Amino acid sequence: MTISARLAELGIVLPAPAAPAGMYQPALAAGPFLFLSGQLPSRDGALPHTGKVGDNVSMDDAKADARIAALNALSAAQAALGTLDRIDRVARLTVYVASAAGFTAQPQVANGASELLRDVFGPERGVGVRTAIGVAELPLGAPVEVELTFLLSA
Amino acid sequence: MTISARLAELGIVLPAPAAPAGMYQPALAAGPFLFLSGQLPSRDGALPHTGKVGDNVSMDDAKADARIAALNALSAAQAALGTLDRIDRVARLTVYVASAAGFTAQPQVANGASELLRDVFGPERGVGVRTAIGVAELPLGAPVEVELTFLLSA
Amino acid sequence: MTISARLAELGIVLPAPAAPAGMYQPALAAGPFLFLSGQLPSRDGALPHTGKVGDNVSMDDAKADARIAALNALSAAQAALGTLDRIDRVARLTVYVASAAGFTAQPQVANGASELLRDVFGPERGVGVRTAIGVAELPLGAPVEVELTFLLSA
């Protein structure tokens, strides 16, 4: 099954690719990889939530934001490659969580992105290595930022 | 000398590979690299210390934790590859240090991981590039998280 | 035009490569990439500013620091490769900004590094993917740390 068929099966419509908010490319093929810029959970140019997880942003909202950021990464990947079917698999996922003091459940927030990728690419190809950390602040006050590296098909 | 012989010479017994604490793989070969998930300094499923370096976690404890996290990475690499002898060298090491306000000696904490890798792989192959940063919070309250990328032998 | 000619045209003299401040290599070629260690904005062994952006470090100073850190990365790359002309393009740039509470303009700080790389390598080869995040503390109190991955020419 192609990834676009799988997205349709899941009822997922990828957002339109966002214009870069700075001097960078959203996605870049380099060597065997597709590198993605850090993705915020923007929807139609706005963030659904701002602030810190463990303070004014709930776990459920943060997980949903991680999922949206991963969808934005897929949108950027599709725009760069023409088709997500050129992706062999998820290689590395880094999830930065803007964390209130004492909030230490970053992996659960990261699961919002991980579950989306597993659903789209399947458990064999959609689950790679992951790092989840709690940071002080993220651009525009986003609670979550997601960074992805895909392995491209040979 | 094989890496397992070198580990024996150093008196190092790798811990059993930990089960993933979320939806990720501990290690993944992709292109010429072996990517490792962010590793916490867990021992037998528990963290030796929790909290912030420069506050309730001492430099010595943090360095020891960075070493344990690196050992956990080696354990994950061995489980993924079958043998550490497939590793050509350490490529990139990132050390995230949960830092109290004003603590700026992240590189010294990172040396706990760097020294272990140098000892195991030798100064030619065990010392790669490194980034050390101070973060707000880490999963489960860990003081240190270590992320590694190895170059595989051709 | 060679990169050294381009640097001369821009009036840029690369700083002497800094000695590593820990157990790492400043730069390492691995697979198709040149990995760089996290670079601080040191000049002649000292930081122009210390502290947090959004507190005692201004946006202009932070952008200037990001540029200096990127110059230090170029110096390390040149020392490792012999010549910057072996670089095909900028692949990944990560900019860590030591951020005061509520400071969320990390991308503008990162532009200090991005603009330098665009100027040196040109808009086609100098602009890759980017992640900008706000962290709690950086080594030696630096306001900015820059991590680069270049793609090498085949």
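**Strand β4 of chain C**

I looked up where the side chains of β4(C) point: Val129(C), Thr131(C), Ile133(C) and Val135(C) face one way, Arg130(C), Ala132(C) and Gly134(C) face the other way, and all are buried. I took a residue as buried if 20 or more other C-beta atoms lie within 10 Å of its own, as exposed if 12 or fewer do, and as partly exposed in between, with C-beta atoms placed from the backbone. Helices (H or I, at least four residues) and strands (E, at least two) are DSSP runs, numbered from the N terminus.

The model is predicted: local features need pLDDT of at least 70 and side-chain atom pairs count only at pLDDT 80 or more, whereas totals for chains, interfaces and linings use all residues. Residues are numbered from 1 along each chain as its sequence is written, and chains are lettered from A and ligands numbered from 1 in the order in which they are written.

**Partner of β4(C)**

I then noted that strand β3 (residues 87-98) of chain C pairs with β4(C) in the parallel sense, over 7 bridges; pairing requires at least two DSSP bridges between two strands. Opposite Val129(C) of β4(C) stands Arg92(C). With helix α3 (residues 106-125) of chain C, the strands β3(C) and β4(C) form a right-handed β-α-β unit. Right-handed here means that, with the strands pointing away from the viewer, the path from the first strand over the helix to the second runs clockwise.

**Helix α1 of chain A**

I checked α1 (residues 3-10) of chain A and found 0 buried residues among its 8, so to speak hardly any cover.

**Chains B and A**

I superposed chain B on chain A by a rotation of 120 degrees with 0.0 Å of shift along its axis, at an RMSD of 0.0 Å. The two copies are thus related as by a three-fold rotation axis.

I counted 23 residues of chain B in contact with 26 residues of chain A, contact meaning C-beta atoms, placed from the backbone, within 7 Å. On the chain B side, β1(B) gives the most, with 3 residues. Only 13% of the interface residues of chain B are also interface residues in chain A, so the copies meet through different surfaces.

Key: Least-squares fit on C-alpha atoms with pLDDT ≥ 70 in both. Contact = placed C-beta atoms within 7 Å.
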